[in-house]
Amino acid sequence: MLSTSDRNLEQRTLVIMSARPYVSAEDLRAAASRGAKKFSLAAVYKVLHKLQASGVVVKTGTRYSFSLRWVFEMFTYADKLAATYFSEEYLKTLLPQRGKKLSWKFSELSRCNEFWNQLLLALLKHTPAANVFSWVPYPWFVLLHNDRESRLQQAFRMSGRRFYTSFGDGGHLEQDVRKVYGHSNQIISFSEGPLSRQYSKYVDVVSDYVLTVALDAETEKRVAKIFSGSKRAALRNSAHNLEALVKRCAVSITLEFSPKKAKAIRRQLAEFFGVSE
């Protein structure tokens, strides 16, 4: 059985190999060990042997690639997932009717972020909105799930929409956020936006839907403290910062179908970014 560390390495290995076929164990170790987490070559070989035994990876000489049979299986699997989870029937269970609200509560920021992203993708699939507007007081999710946010932004690029995001404060993470959001159909701003005094909540407006994420007061303080420090201090306290984000909390997500409210928020953010709505 793989340890928690080995499972983490396995996930990193799969992500790396999805973009870099025909890679050596040493290359995998170097790529997976970026940041604070380091892995040994022995740990990499342990994971590779497991993936070989399960038919996911094949070895040619000293280099490793995905098995094409497994890749074709993933294509079929992905098609089935898309047919199931982007079907009209399933999406209707996530989206409220006109004038109604749906709310969900979470005790972990990680779980909240996963479901938040799922709702955004469901809204993009279900609505014809050409522009999506967002207000983000602090982009803590980039610190918590950098790779996942990058994949989400890739999905956003494929949607063909334009995304306008007003960040209240990027702090020492501003450059990292710009890398994640740095594509042509994502327009971002780091300054006091029109919603900064109205909403301490995180707000997304997609067509006539308003999606809000509310953090409890204690979690808000922890997040604000992370972004208020210098980059040097943040690097020194990276483990402490991550620990602050994985503590139990009381977070809620609310999704409402309110054309009037959505229009009012869209207008403010559209004027802020200088676009017509």
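Predicted model: local features only at pLDDT ≥ 70, side-chain atom pairs only at ≥ 80, totals over all residues.
User: Is Ser 207 buried or exposed?
Analyst: Residues under 20% relative accessible area count as buried. The relative accessible area of Ser 207 is 19%, and therefore Ser 207 is buried.

User: What is the phi of Tyr 22 near, and where does Tyr 22 lie?
Analyst: Most residues other than glycine have a negative phi. Tyr 22, which lies in the loop between helix H1 (4-19) and strand S1 (23-24), counts as partly exposed at 48% relative accessibility. Its phi is a positive value, near 60°.

User: At what angle do the axes of helix H2 and helix H3 cross, and are the two helices roughly parallel or roughly perpendicular?
Analyst: Two packed helices are described by the angle between their axes and the distance between the axes. For helix H2 (residues 25-32) and helix H3 (residues 41-53), the axes come within 9 Å and cross at roughly 110°. An angle of 65 to 115 degrees counts as roughly perpendicular, and H2 and H3 are therefore roughly perpendicular to each other.

User: What is the handedness of the crossing of H2 and H3, and how many residues of the contact are nonpolar?
Analyst: The crossing of H2 and H3 is right-handed. Ala 25, Glu 26, Leu 28 and Arg 29 of H2 make the contact with Leu 41, Val 44, Tyr 45 and Leu 48 of H3. Among the residues of this contact there are no polar ones and two charged ones, while the number of nonpolar residues is six.

User: Is Arg 161 buried or exposed, and which residue has its backbone oxygen 2.8 Å from a polar atom of the side chain of Arg 161?
Analyst: Arg 161 lies in the loop between helix H8 (146-159) and strand S6 (162-167), and at 13% relative accessibility it counts as buried. Not counting residues up to four places away in sequence, Arg 161 touches several residues, including Leu 124, Phe 156 and Asn 185. The backbone oxygen that lies 2.8 Å from a polar atom of its side chain belongs to Ala 129.

User: What distance separates the C-alpha atoms of Gly 61 and Ser 24?
Analyst: Gly 61 lies in the loop between strand S2 (57-60) and strand S3 (63-66), where it counts as exposed at 60% relative accessibility. Gly 61 and Ser 24 are 37 residues apart along the chain, and their C-alpha atoms are separated by 9.4 Å.

Note on methods. Residues numbered from 1 in each chain as written. Heavy atoms only, no water. Axes fitted to C-alpha atoms, helices over the stretch in contact; angles between N-to-C directions. Helix = DSSP H or I, 4+ residues; strand = E, 2+ residues; numbered from the N terminus. Parallel < 35°, antiparallel > 145°, perpendicular 65-115°, else oblique. Left-handed = near helix turned anticlockwise from the far one by under 90°. Contact = heavy atoms within 4.5 Å. Nonpolar A, V, L, I, M, F, W, Y, C, P; charged D, E, K, R; others polar. Buried < 20%, exposed > 50% of the residue type's maximum accessible area, 1.4 Å probe, protein only. Polar contact = N/O pair within 3.5 Å; in protein donor to acceptor, adjacent residues only side chain to side chain.
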